[in-house]
Amino acid sequence: MNWTRGLRFLSNTVRKCIGEDCYGRTSLWPVQRISPRYRHFGRRIQNDDYPLLDRSFLAQLWEADRKLEGSRKRKRFLTRNGNQNRIAHYNHRNQVFERPFGKSTSDATFAKGKLWKQPPPSQSVSGFLEPHSPEEVQVAPLLARSNLLITRDIEWANLVLGFEQENRYAIVDVCYPQSPVGFIREQSNIIARQLLRLRRPFVAYITDAMGNEFFRVRRPFWWLTSSIYAEIDGKEIGVVHRRWHLWRRVYDLYLGNKQFAVVENPGFWNWTFTLKDIDGKVLAEVDRDWRGFGFEIFTDAGQYVIRFGASDPVSRTGPARGVQELEVARPLTLSERAVALALAVSLDNDYFSRHGGWGLPFIDVGE
């Protein structure tokens, strides 16, 4: 690149001629010295100290400097992105960055740029939890856990302006609270959200922290009773149907065409939703936690705990030892747990969302 160095030398020479320093500032004394000959810029200027200069040569010199600066910026950009891609590829399974859903977010509860380790499952993948299909293998890293804590993010536009936003949640394994095991993000039409509110159709993607999809839940528009479908790789594996009742909250959970559980909540004063089989035995539980007066009155930022049963003793370390385990008749399979997580999403939208207005979260029990 000798020609580039030569052009750079000539550029510095021109700056000296017109009295500019390296920062582009013009001093007065060089101008006073050469001003009688330099004011006619279109004419050639020649003396013993400086080379022959004209308008076309200076234009070429400026163009070469501009291209050189652009190439330097591209090199810095490619180097920076290349390092990030190599790090992300290296940490794909064991260490992941907090960039949920593949794009930057404005979530107040998520600290950006934080490096996480994907927590191991808190229940052994064997027996009832042994995957029997490729779909169950895909969801095992998320659902082979004893307790899942699902926290909804604060929607500031909804809180301040009444503007309905897409719902977002973080999923944490209670045995490994240091980092989330997944995220839930709604995707819906902005106009439908403002007009239909809780009756809007949407698709919610359940992903890991890198945006890799485990499965999704699909909720169509409803009028009297809602339904939500769990899908893995576009294949429907289960559905949750809500039965209408004046004050009770009743849901039927299906795996394929076979019902495996029912939820019969006594009323709006009870925030515990127990999944029971045909004999009335407990299979799992979805508990809506109280987060404090301010959270419950002014926001939709609810928190839910899904209890699937006892965890492995090796996973009960630190604060997890104080967690009360749920005694179940049998552990749910991985596919059934995906349907149970879809139930938690449906509960949040049916009863604990605020419509973008003001009031208690249990006002809409009649919907």
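**Figure 1. Burial and make-up of the chain in a predicted model.** Of the 367 residues of the chain, 46% count as buried, where buried means under 20% relative accessible area, computed with a 1.4 Å probe on protein chains only. The model is predicted, so that local features need a pLDDT of at least 70 and side-chain atom pairs count only at pLDDT 80 or more, while totals for chains, interfaces and linings use all residues. Residues are numbered from 1 along each chain as its sequence is written, and side-chain values use heavy atoms, with hydrogens and water left out. The chain holds 8 helices and 14 strands, which are DSSP runs (helices H or I, at least four residues; strands E, at least two) numbered from the N terminus.

**Figure 2. Confidence along the chain.** The mean pLDDT, the predictor's confidence in each residue from 0 to 100, is 75 for the chain, and 61% of the residues reach 70 or more. Over residues 18-53 the pLDDT is below 50, and this stretch has 37 contacts in the model beyond near neighbours in sequence, a contact being heavy atoms within 4.5 Å.

**Figure 3. Helices H4 and H8.** The axes (lines fitted to C-alpha atoms over the stretch in contact, with angles from 0 to 180 degrees between N-to-C directions) of H4, residues 134-143, and H8, residues 334-351, come within 9 Å and cross at roughly 60°. In H4, Glu136, Val139, Ala140, Leu142 and Leu143 meet Leu334, Ser335, Arg337, Ala338 and Leu341 in H8.

Conventions. Buried means under 20% relative accessible area, exposed over 50%, partly exposed in between (1.4 Å probe, protein chains only).
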